[in-house]
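Student: Could we go through this model together, one question at a time?
Tutor: Gladly, here it is.

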Amino acid sequence: IIAVPGYALDQTDIPLTADEIELRAQGAMRVGIDNAIVPDASAEHPLVISRPEDQPLCKPTLPLLPSNEIDVMNGYEGMVLANLQGPRKMIVDPANHIIVTGAEGVSSIRLDECGNTDITLLLDRCEDGQVGYGLALYDGQLYVASTQSIWRFPYVDGQHTPLGKGEKVLVNINPESDFDVSIDPFGRVYIPRSANENDVLAERHAIIKRFNVQTVPIDAYDYETDGEIFAYGTNVHGGMGFDAQGRLWGIDAPYQSFQRSDLGGDISPAGLAEEINVYEFPYMNYGFPYCFTEYDLNPYTEQAKGRGGQWGHPSFMNATVNLDQFCDQNDNNRKPAIPVAPMNKASAVHFYMGQFCSVGNENTLGTSVGMPCNWTDTPFVAYRGNPGQPDGHRVVHLPFDDLGHKPRLDKSEDVIFQSKQPCQGEGCIDPVGLAIDDYGRLLVSSQNTNEIFMVQRIYNANAARLMTDAALAAEEAAEVAAEEAEKLAKEENEKVHKDNSGGGDEEEEKEDEEQEDDDTEYVIS
């Protein structure tokens, strides 16, 4: 079942096919454009691939040293997979080849199970200029962004030779910064355009447009005149991503500092949240440039609303409308799904679909090298940080509520990858792209240091047995505890009953004795 952005889907009304019923019984499901089979995290027993012969356990022949020391979550290990000039967005094709945009163009990385890589350049530049950030794969076509346009090229899974002649798909985007390319399962491409907050036409420029790439005009689409506006007031930058429900997610750039006297004067970026938004329904407005999101304004004003609070930007406030009230109404301004800490410079959001997932903990380690099964359909976020500043320079996993599939803002981020030492000067690790390969391993591109990292769970062939033993021991302990509790309750009931019964006999004996005394007195008299 594939959901479509902008359309509600009630899965309970859709009958399951025989294939889906069989997969459900195995604890698996199909997701994505390729209908890949992945573990169903909601199943009582998700499909887990745990055999040693199925795991990529060997190491590269010549390990690469990282430019900076890295730190990964307990129970995981990380390494430099490849060195590439200015790597940015990455995607993984069905043959498990990594395709990357970077300073040299579009590259293909072929890797074996040990992590040895072979890199070749697929495309050095588009006809109208350098290769940009965006990249997508759909129906045998590789979609590549230049600085102003979208091109597509015939592509075969696992292709490791230069791309053929390209076709122009979309022109005249005119973004303020680099933009991404995302395509849903029905062949509709979503292209965001960013704007400068000082742009007088920022409201019209900061949008996401949607185009049907199943039928492209001979002279290409024009961003200004063609397509439909899917979302307003977005100002998206960096990598976007779809979740398993087909909902599009992206990162909206925060404002720089500004002054608002009624909120304490100068409002620095430290009080403003970066936004991770879900563009779930079409034609909604996300507030830019009129509204901003609070992360923590307590240092500035007693009026602080707390994390996620919505406020009007002082540049657009006037006597005719209460902009704070306007921004606080969801019909006017969709609040961010996740207000994230400022100064981190979030750069990409990517949802894990459960490929080759694992179960385990810090003691048992993992049943596979893949990410945890209970992280399925939840996002990783890359924070590239600012050069010379300590904030950012890491990749995190954001916890979600399993039942409602909503972010858990009360829980801390899981930091899975980061620079070990605070960033100082130039040469800092700056994650800008995220992907997951067929073995469930996390890929991280660092543009500034020309590196692509790989993070995987540490595999333990005995993890499944250890977890099973622990689960059985817990069940046995629970049964013993329940039996003990039942025994104690029974003894207590018997004691109460005995006490009650004993008290009644004594009263009867006392009454009998009194009656005998009365009878004796009567006889004497």
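**Disulfides and a pocket**

Tutor: C357 and C373 are both buried, where buried means under 20% relative accessible area, exposed over 50% and partly exposed in between, with a 1.4 Å probe and protein chains only. This is a predicted model, in which local features need pLDDT of at least 70, side-chain atom pairs count only at pLDDT 80 or more, and totals for chains, interfaces and linings use all residues. Residues are numbered from 1 along each chain as its sequence is written, and side-chain values use heavy atoms, with hydrogens and water left out.

Student: Which hand does the link of C357 and C373 have, left or right?
Tutor: The two form a disulfide with sulfur atoms 1.9 Å apart, the criterion being a pair of cysteine sulfur atoms within 2.5 Å. The torsion about their S-S bond is 80 degrees, and the link is right-handed.

Student: How many residues apart in sequence are the parts that C291 and C327 tie together?
Tutor: Their sulfur atoms are 2.1 Å apart in a disulfide. C291 sits in strand β24 (residues 291-293) and C327 in helix α3 (residues 323-327), so the parts tied together are separated in sequence by 36 residues. Helices (H or I, at least four residues) and strands (E, at least two) are DSSP runs, numbered from the N terminus.

Student: Why is the disulfide of C58 and C114 called left-handed?
Tutor: The sulfur atoms of C58 and C114 lie 1.9 Å apart. The disulfide is left-handed because the torsion about its S-S bond is about -95 degrees.

Student: Is C58 buried or partly exposed?
Tutor: C58 lies in the loop between β2 (36-39) and β3 (70-72). Its relative accessible area is 36%, so C58 is partly exposed.

Student: What pattern do the disulfides of the chain follow?
Tutor: A search of the whole structure finds four disulfides. With bonded cysteines counted along the chain, the pattern is 1-2, 3-4, 5-6, 7-8.

Student: Which residues are closest to the centre of the second largest pocket?
Tutor: A pocket is found on a 1 Å grid over the protein atoms alone, as an open set of points where a 1.4 Å probe fits, with protein on both sides within 12 Å along at least five of seven lines; lining residues have an atom within 4 Å of a point. The second largest pocket holds about 700 Å³ of space, the volume being that filled by probe spheres set on the points, which are joined across faces, edges and corners. Of its 31 lining residues, the closest to the centre are H237, A253, P254, Q256 and K345.
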